[in-house]
Structure formats: C-alpha cells, structure tokens
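Here are a few friendly notes to read beside the model. Please keep the structure open as you go.

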Amino acid sequence: EKTGLRVEIDLRELRPGNKYNYWERRGVRLRIEIGPTDYQNRQVTAVRRDTGEHVQIPVEEVVEKTKLLLDSITEELKKRAWERFRAGVKEVSSVEEIAEAIADRKIARMPWCGSEECGQSLEEKTTGSVLGEEISAKPPDERLCPVCSKKADRWLIVAKTY
C-alpha cells in the first residue's frame, strides 16, 4: 500500500475457487497468491485476470513487476475494447445498409450533408437514432448523403438506443 498499490488480503476460510470468483466478480485484474512452495522459494504467483497467465515473481521484485503487470493488463484491455468497438461500427452508404447495420446491432457510420431534415428522415426510415457527427474524422471524399444525394461533408453516427 505504501507504494500506491491497492491491496486486499483475503484470509477467509473459503476454498480458493470461491475466493477467486468473489474477487473476479469485483473486477480485480491481478491476483497474487502465496502458497507454501512460494513461501519457501521466496516468490509469489501473480495471476492475470485478462489472460489467466500465472507469473512467478521473486519477493524482492513484487512491487515493480506488479506495477508492470497492471500496466500491461490495462493496455491489453484497452486494445481489446477498441477492437471490439471498431468491429461494431459499419460504414454504410445507403438507408437500407443503415437499417441492416442496426438490425445486426452495429453502429452505422455514414456520409452526411449536415441537413437536419436528412437526420430526421433517417430516424423515420430506420429504427435507429442519430447520435451525432463524428468529430475527429476527416470529411468523406466524394461521397454523397444517402438520404438527399447531396455532397457529404461530414460523417454521421446512427445506432439503436435502448
């Protein structure tokens, strides 16, 4: 704790599997185990929640290696989250494709002219809701708004809201 790590020692008289499940349900990313063999060998066993990998760490290196493992887990979780998010976005160019994307529980990204009427028309023609413009993207090149066929100068995000 003095090094800035949050620590919880579980000394309850439960089977290990029950303890593991309890802490996993609470989102603990790294479990440190100290068994009799670990104690004799002056090491601990760290178990990553994201991969299930077991890592033996000498006691003298526990703080440094734990911080490195936690950073690695954070990066891996971010990477997976972005991959999953990107897989859930489908670039479309017609109203029919928007409806299909929404039916597939995806987010539709479409070229848009910026007209509020086109946005309202999309909501009427599909079961999706206009979520807004994609701000950080460069404007679509030579693409047309699928509603009015005018030149698109931005991207619109449409999805089903619950």
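Helices (H or I, at least four residues) and strands (E, at least two) are DSSP runs, numbered from the N terminus. This is a predicted model, where local features need pLDDT of at least 70, side-chain atom pairs count only at pLDDT 80 or more, and totals for chains, interfaces and linings use all residues. Residues are numbered from 1 along each chain as its sequence is written, and side-chain values use heavy atoms, with hydrogens and water left out.

1. L11 sits in the segment before α1 (16-25). Its relative accessibility is 71%, so L11 counts as exposed (exposed is over 50% relative accessible area, buried under 20%, partly exposed in between; 1.4 Å probe, protein chains only).

2. Do have a look at K19, which belongs to helix α1. K19 is buried but has no salt bridge, and D10, the nearest side chain of opposite charge, is 4.3 Å away. A salt bridge needs a side-chain nitrogen of Lys or Arg within 4 Å of a carboxyl oxygen of Asp or Glu; Lys and Arg count as positive, Asp and Glu as negative, while His and the chain ends are not counted.

3. A polar atom of the K19 side chain does lie 3.1 Å from the backbone oxygen of D10. Not counting residues up to four places away in sequence, K19 touches D10, L11, R12 and L14 (contact means heavy atoms within 4.5 Å).

4. R49 is found in the loop between β2 (43-48) and β3 (54-58), and is partly exposed at a relative accessible area of 41%. Beyond its neighbours within four places in sequence, R49 contacts E24, G27, V28 and R29. A polar atom of the R49 side chain is 3.4 Å from the backbone oxygen of E24.

Methods:
A polar contact is a pair of N or O atoms within 3.5 Å; within protein, one must be able to donate a hydrogen and the other to accept it, and residues adjacent in sequence count only if both atoms are side-chain atoms.
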